[in-house]
Amino acid sequence: MREIPRRKAIGLGLGAAAALGVAGCGTGSGAARSSSAATGEKGSATGVPGAGGSGGTPIGDGSTADTGPQPNQPAKPQRLQPGEAPPQFVVFSWDGAGEIGNGLFPRFLKLANDHGAAMTFFLSGLYLLPESKKDLYRPPNNPVGASDIGYLKDENIRNTLRYVRQAWLDGHEIGTHFNGHFCGGSGSVAKWTPEQWRSEVDQAVSFVTTWRTNTGFTDVAALPFDYRKELIGGRTPCLLGQENLLPTARELGWRYDASSPGGRQVWPAKKDGVWDLPLQSVPFPGHSFEVLSMDYNILANQSKNSTKGDPSRYPAWRTQAVGAYLGGFKRAYEGNRAPLFIGNHFEQWNGGIYMDAVEEALKGIADKKDVRLVSFRQFCDWLDAQDPKVLAKLRTLEPGESPAGGWGAYVT
């Protein structure tokens with residue numbers, strides 16, 4: 001039985017001791033994206049050009065390049081008009097976002113293309129740093145080169161670069177999951193100071209922007225974006241340490257943070273000047289308590305401390321996971337239209353049932369009227385375009401609460 005390594009349990013605070021919440025991290029090119037009302041009119045995704053043909057203006061050692069505005073973006077967001085119902089936003093996000101040989105990164109890039117979805121990929125900086133260069137990483141309160149996630153083989157680094165590049169060209173956001181994923185002990189990110197968070201962010205940016213120097217690869221195309229401009233938010237390991245991260249995020253000009261655990265399905269607000277976009281508690285089929293909207297948290301309530309539980313239970317667990325995602329969607333869609341945030345990992349826990357559940361949920365959501373499958377960046381663009389008074393009024397609606405008198409009378 002494979003045990004779950006060094007994770008931090010996070011109680012959901014819903015009055016049920018069984019409502020366990022944890023946040024874990026996991027260690028063919030997409031088809032042309034069709035136009036979609038979900039994210040606006042988009043052109044075709046061109047895939048990933050071969051090595052060398054990156055175009056744009058090289059930055060630094062050529063690991064990244066300025067290729068101009070990001071393609072495949074929605075139209076400029078508009079303010080809600082009087083009597084207009086807000087769109088139902090859904091953000092699918094991925095912690096770690098490395099391709100470790102299981103084919104999950106390209107699988108979900110294709111799924112997104114097929115359904116006109118944009119997503120957020122929280123890239124772990126260490127996934128672009130060879131283990132032979134691990135001494136370049138100096139994690140706060142931990143030994144030089146230490147990491148609670150594994151370094152990738154050269155082949156996997158190459159593939160991660162390939163799919164991160166394709167993700168951006170397809171219109172997705174590249175955020176950060178930081179580096180070493182320390183969740184326990186004296187070196188836990190929960191104990192880091194704002195200054196230590198700044199060091200961690202600076203190192204994550206460095207690993208992304210100097211991968212060519214660190215790997216020695218000369219046959220791999222540059223990432224087609226300026227990461228210092230692209231990076232506007234992240235999610236901390238195990239959803240720990242947000243309080244001390246926020247001053248650093250604000251200093252860096254970040255627009256959001258997605259690290260808060262156990263959020264409710266309500267319209268978000270800013271915390272210390274940064275949009276607070278938490279994982280949310282959603283209905284958990286068959287239970288009186290709710291579960292955090294992340295694959296790892298659902299697993300923790302099913303197979304407990306094992307990523308390889310009883311195979312005979314996989315079909316029921318998969319159905320339960322789909323029900324949790326769709327239950328959260330339905331409650332928002334038919335109620336207060338609060339955005340739904342779903343967190344994932346490129347993993348094959350319990351036979352890959354959570355990847356299948358996420359895919360089924362996305363397919364069940366994508367074709368609904370007024371639904372927009374967006375990245376966190378795109379959602380922030382929409383929030384920032386709204387009248388603050390309208391957003392404040394939306395925040396008064398409880399999870400699942402429809403506006404009295406309907407949307408026509410509510411948004412004025």
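1. Helix α2 covers residues 154–169, 16 residues in all, and runs 23 Å from its first C-alpha to its last. That is close to the 22 Å expected at 1.5 Å a residue (the expected span being 1.5 Å times one less than the number of residues). Helices here are DSSP runs of H or I with at least four residues, strands are runs of E with at least two, and both are numbered from the N terminus.

2. A quick word on the model: it is predicted, so local features need pLDDT of at least 70 and side-chain atom pairs count only at pLDDT 80 or more, while totals for chains, interfaces and linings use all residues. Residues are numbered from 1 along each chain as its sequence is written, and side-chain values use heavy atoms, with hydrogens and water left out.

3. Which residues of α2 are buried (under 20% relative accessible area, with exposed over 50% and partly exposed in between, 1.4 Å probe, protein chains only)? Among them are Asn156, Ile157, Leu161, Tyr163 and Trp168. The buried residues of α2 pack against α1, β4 (120–123), β5 (173–176), α4 and α5 (227–230).

4. After α2 comes Gly171, with a positive phi near 105 degrees.

5. Now for Thr215, which sits in helix α4 (residues 211–215) and is buried at 16% relative accessibility. A polar atom of its side chain lies 2.7 Å from the backbone oxygen of Trp211. Beyond its neighbours within four places in sequence, Thr215 is in contact (heavy atoms within 4.5 Å) with Leu128, Pro130 and Ile157.

6. Pro106 belongs to helix α1 (residues 104–114) and is buried, at 6% relative accessible area. Pro106 and Arg162 are 56 residues apart in sequence, with 9.7 Å between their C-alphas.

Terms used. Polar contact = N/O pair within 3.5 Å; in protein donor to acceptor, adjacent residues only side chain to side chain.
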